[in-house]
Amino acid sequence: MLLSVHLIPNARQNEIIGWVQGALKIKIAAPPIEGRANKALIEFLAEVFDLAPSEIEIEKGASSKYKRINIPLTKEDIDAFLKK
């Protein structure tokens with residue numbers, strides 16, 4: 001599925017805020033310098049959703065805080081992980 005993400009870099013800690021206006025709002029502690037926030041986002045999503053980082057790809061928005069991420073899960077799968 002293509003997942004819309006609203007990324008907030010430079011946060012105190014990595015955390016998923018939840019669904020906001022159709023996008024999953026996520027805070028990442030890494031700065032948005034030299035792709036560090038993108039790499040941290042992929043690693044964080046892989047950890048949260050129990051996937052390999054290679055299964056997650058930023059399709060669009062690599063230099064934006066609004067991203068489209070290709071992830072091998074359905075919205076129902078994501079909601080189930082978020083409820084845990």
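A residue is called buried under 20% relative accessible area, exposed over 50% and partly exposed in between, with a 1.4 Å probe and protein chains only. By that rule, buried residues make up 36% of the 84 residues in the protein. This is a predicted model, in which local features need pLDDT of at least 70 and side-chain atom pairs count only at pLDDT 80 or more, while totals for chains, interfaces and linings use all residues. Residues are numbered from 1 along each chain as its sequence is written, and side-chain values use heavy atoms, with hydrogens and water left out.

**Overall form**

- The protein has 2 helices and 5 strands, where helices (H or I, at least four residues) and strands (E, at least two) are DSSP runs numbered from the N terminus.
- From the N terminus on, the order of elements is β-β-β-α-β-β-α.
- The radius of gyration is 12 Å, which agrees with the value near 12 Å for a compact globule of 84 residues; the radius is taken over C-alpha atoms, and the globule rule is 2.2 Å times the number of residues to the power 0.38.
- Along the principal axes, the C-alpha atoms fill a box of roughly 30 × 25 × 25 Å.
- The accessible surface comes to about 5200 Å², 48% of it belonging to carbon and sulfur atoms (Shrake-Rupley method with a 1.4 Å probe; for residues, only the protein chains shown count as cover).
- Of the contacts (heavy atoms within 4.5 Å) with a separation of 6 or more, 37% are between residues 24 or more positions apart.

**Strand pairing**

- Strand S1 joins strand S5 (residues 66-70) through 5 bridges, and the two run antiparallel; strands pair if DSSP finds at least two bridges between them.
- In this pairing Leu 2 stands opposite Asn 70 in S5.
- S1 also joins S3, here through 4 bridges and in parallel, with Val 5 opposite Leu 24 in S3.
- Strands S2 (residues 15-20) and S3 (residues 23-27) run antiparallel and are joined by 5 bridges, with Glu 15 opposite Lys 27 in S3.
- S2 and S3 form a hairpin with 2 residues between them, and Gln 21 in the turn has a positive phi of about 50°.

**Nonpolar core**

- The largest nonpolar core has 22 residues, and those with the most contacts inside it are Ile 26, Ile 28, Leu 41, Ile 56, Ile 69 and Ile 71.
- Strand S1 (2-8), S3 and helix H1 (36-48) are the elements that give two or more residues to this core, and H1 provides the largest share, 7 residues.
- Such a core is a set of buried Ala, Val, Leu, Ile, Met, Phe, Trp, Tyr and Cys residues joined through side-chain atoms within 4.5 Å.
- Leaving aside neighbours within four places in sequence, the contacts of Ile 26 include Val 5, Leu 7, Ile 16, Leu 41 and Phe 44.

- Ser 4 lies in strand S1, where 5 of the 7 residues are buried.
- The side chains of Ser 4 and Arg 68 make a polar contact of 2.6 Å (a pair of N or O atoms within 3.5 Å; within protein, one must be able to donate a hydrogen and the other to accept it, and residues adjacent in sequence count only if both atoms are side-chain atoms).
- Not counting residues up to four places away in sequence, Ser 4 touches Gly 22, Ala 23, Leu 24, Lys 67 and Arg 68.
- Gly 18, in strand S2, counts as buried because its relative accessibility is 15%.
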